[in-house]
Amino acid sequence: MDDLPKLPGNDFANRLRQKHHVPQCFKYLNGYPIPVKPICGLGGEQLNEDSIYYCTDETDAVLYDPILTYGRLRKLPAKPYRPHFVLYDQKTLKFNAFFRQAVPESPKETFRIRYVNILYFLEDDTMTVLEPVIENCGYPQGRLVRRGRILKNCLGEPYSWKDLNIGIDLEIHGYVFHVTDCDPFTKEFLLSNGIELNEMEFPPPDPAMNERSISERQNFKHHKMYPVPQDKLRKYLEYQGKVLHFDCLLDEPDQPGGERMTYKLFYFLEDDTVSIKELKENQEGRDYFPMLLRKQKLPKSWKDLPVTYPSISMELSDHEVSEYYSPRDLLVGGTIFVFGRKFLLLDCDRFTRSYYEKVLKMVQPDAVELGNREDRIPRKELPTYLGLGTPEDSIASHHSLVPKSPRKDVVTYLVNMNKFLRYGCVLDNAHPEDSIRRFVLSLSLADGTISIMESTIRNSGIRGGRFLSPKKVWKPDCNPDAPEYYTAKDFFIGAIIIVFSHRFRIVSTDLYVYRYMQAHPEMFASNAIETVRNYLLAEGHLKDDLRQAVEDDYQRYGPPPEPAPEPNDDKGVGEVDKRLQDFKLNESKMTDDTPLATLRVQSDSHPCPSPIIPDEEIKKTYHSHEHMDLSLQGQIEGEDVIKVGKSVRFEDGC
């Protein structure tokens, strides 16, 4: 019975219990739920802990009550639990800030500086932005941002009091508020929580408010900074029809479509205005404009405008411009600025020179001579290669709407048709599983394409076959708009070829490559030819060349002197015969009908994978596009696995 759950109906201690409700553990105080300890058990019954019979037997409970003997245990009074909203009730952090508001359609101001107060309520981590009211400011003020939690990023994280500091920018609903200062309570609160405050900043002044304060104190009028003629009518009648003529040059090679062009500049003495006329020689291929600058006064600094100048206005008046160009500023060889464009004065007419000498008492310098004008040659700029097709196809599609195939060197293709240079390669990387892989690289002399075939290795998991289809391969770190391709001069024994981030090291070659190098020595470096020659000498493929060289030396210099007899077994052996001892053929197995493909060289001195190349089958089977001729077939002889093909053989003992 003790194992039954204490549920109504399973308790046999009190079968007459009518109430089974659980006592309440919360109560509301001033509208807030507060946890309390229950003072009764189920159904309102007295708890066992509150009864003196809980710790006594059938004897007198007073005699065995430990509280009456030792007294109650003294405990330190526990601090009452205060929720977060009670602890920080009516505690607010106040920051002073400002933001800049653009005014695009006002003739008096272009922007405003508005000062606000940012309030942070600690009881519920909410924020609001209030703007102090300024009388007759012309725009609504008061509460700019409603109180609530404001997100600081797109992840949904709200601002916390830990994110606030002096000198930072707060983005709230698209406006950026810059914090400048805070009140003493905020400083004390942040410093007590370990946050270091930045230095206090002064907010920038509002130009509209400054202008308003100045206008309230006094009314002022802009004064002109340049001398104004007293009698305009007299000056007009005296200088009517008198114009100063100048030849000027505009040189803007750094601007789009800009080049060296000449113009005519006229200065009208009657009203001190300037105009610039286009010349016919500058209108070739351009729209017709008779005047580059219409008749008007030319300011020296057209960007130096007062603060009160309305930005919506497009024309300048005499009140905004401080100084205009005068005849004293126009000298041959000098430079003037026409609304940001730089003009060089080249020459002037006779009337202009006499006017400067008689009236202004100045002498104009001599004319500036320019070199002959170069003919304009249109510059063709090729577009950037986008990676679609080859760069040649991209250039062909740029020159015509209907793309044409790029031109090919037909003569070179016909001369070198079916001519290939083949090399044995291995992967040059740090992966040990790639050390047994063997490749055959074929370079087509007709079109410069490269193809790579991989040999099949039994019981290795390497399938073999075609590794790279015939295509041109770029050199690493070249310009993609004008790429450099691998050619025959880049291939030699020991060379590293990077094909689409795969590093191949050339370890072997065939006899045809050496014959091609001998026929075209101007295409290859001397060290490249030497590496191929040394390799073929080690493999025994140049026996005929050595014998021919010995015969030539014999005919030229006569028989070599016989050396002194030695006690060893090499008695009577010449120096050339000693060098050819490692290149002897297996004559016991060779007959007259034996093909050259069955010959093997008795030399194991070369440490790298070595090819055995037949001399007779080069023209038959070596230059072929069939992938079956390029694949390598393995044969097992004894303990060493030797892979023999028609042109290249690799040994695994390397």
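1. Before we start, a word on terms: two strands count as paired if DSSP finds at least two bridges between them. Helices (H or I, at least four residues) and strands (E, at least two) are DSSP runs, numbered from the N terminus. With that in hand, take phenylalanine 266: its bridge partner in strand 11 is serine 275.

2. What you're looking at is a predicted model, in which local features need pLDDT of at least 70, side-chain atom pairs count only at pLDDT 80 or more, and totals for chains, interfaces and linings use all residues. Residues are numbered from 1 along each chain as its sequence is written, and side-chain values use heavy atoms, with hydrogens and water left out.

3. On confidence: pLDDT is the predictor's confidence in each residue, from 0 to 100. The protein averages 78, and 75% of the residues score at least 70. Two stretches to read with care are residues 220-226, where pLDDT stays under 50 and the model has eight contacts (heavy atoms within 4.5 Å) beyond four places in sequence, and residues 569-573, also under 50, with five such contacts.

4. Now the hairpin of strands 1 and 2. Strand 1 (residues 26-29) runs antiparallel to strand 2 (residues 32-35), with four bridges between them. Lysine 27 sits opposite isoleucine 34 of strand 2. Two residues lie between the strands, and asparagine 30 has a positive phi near 55°.

5. Next comes an open sheet of six antiparallel strands, ordered 6-5-4-3-8-7. Its edges are strand 6 (142-148) and strand 7 (169-172), each pairing on one side only. From one strand to the next the twist averages 30°; here axes are lines fitted to C-alpha atoms (for helices over the stretch in contact), and angles run from 0 to 180 degrees between N-to-C directions. Helix 3 (residues 184-192) packs on this sheet, touching strand 3 (92-102) and strand 8 (175-182), and its direction makes about 110° with that of strand 3. Strand 5 (residues 126-131) is joined to strand 6 by four bridges, and glutamate 131 has glycine 142 as its bridge partner in strand 6.

6. Another open sheet of six strands, again with antiparallel pairing, has the order 12-11-10-9-14-13. Which strands stand at its edges? They are strand 12 (291-296) and strand 13 (335-338); each has a single partner strand, so one side of each is left without a neighbour in the sheet. The twist here averages 35° from one strand to the next. Helix 6 (residues 350-358) packs on the sheet, in touch with strand 9 (243-251) and strand 14 (341-348), and its direction makes about 110° with that of strand 9.

7. Some pairings within that sheet: strand 10 (residues 260-268) and strand 11 (residues 273-277) share five bridges. Five bridges also pair strand 9 with strand 14, where leucine 345 of strand 14 is the partner of cysteine 248. Strand 13 is joined to strand 14 by four bridges, and phenylalanine 337 has lysine 342 as its partner in strand 14. In their hairpin, with two residues between the strands, phenylalanine 339 takes a positive phi near 50°.

8. Finally, the largest pocket. Its lining has 36 residues, with Asp447, Gly448, Thr449, Lys472 and Tyr485 nearest its centre. The elements giving two or more residues to the lining are helix 7 (391-399), helix 8 (410-415), strand 16 (439-444) and strand 18 (465-471). A pocket here, on a 1 Å grid over the protein atoms alone, is an open set of points where a 1.4 Å probe fits, with protein on both sides within 12 Å along at least five of seven lines; lining residues have an atom within 4 Å of a point.
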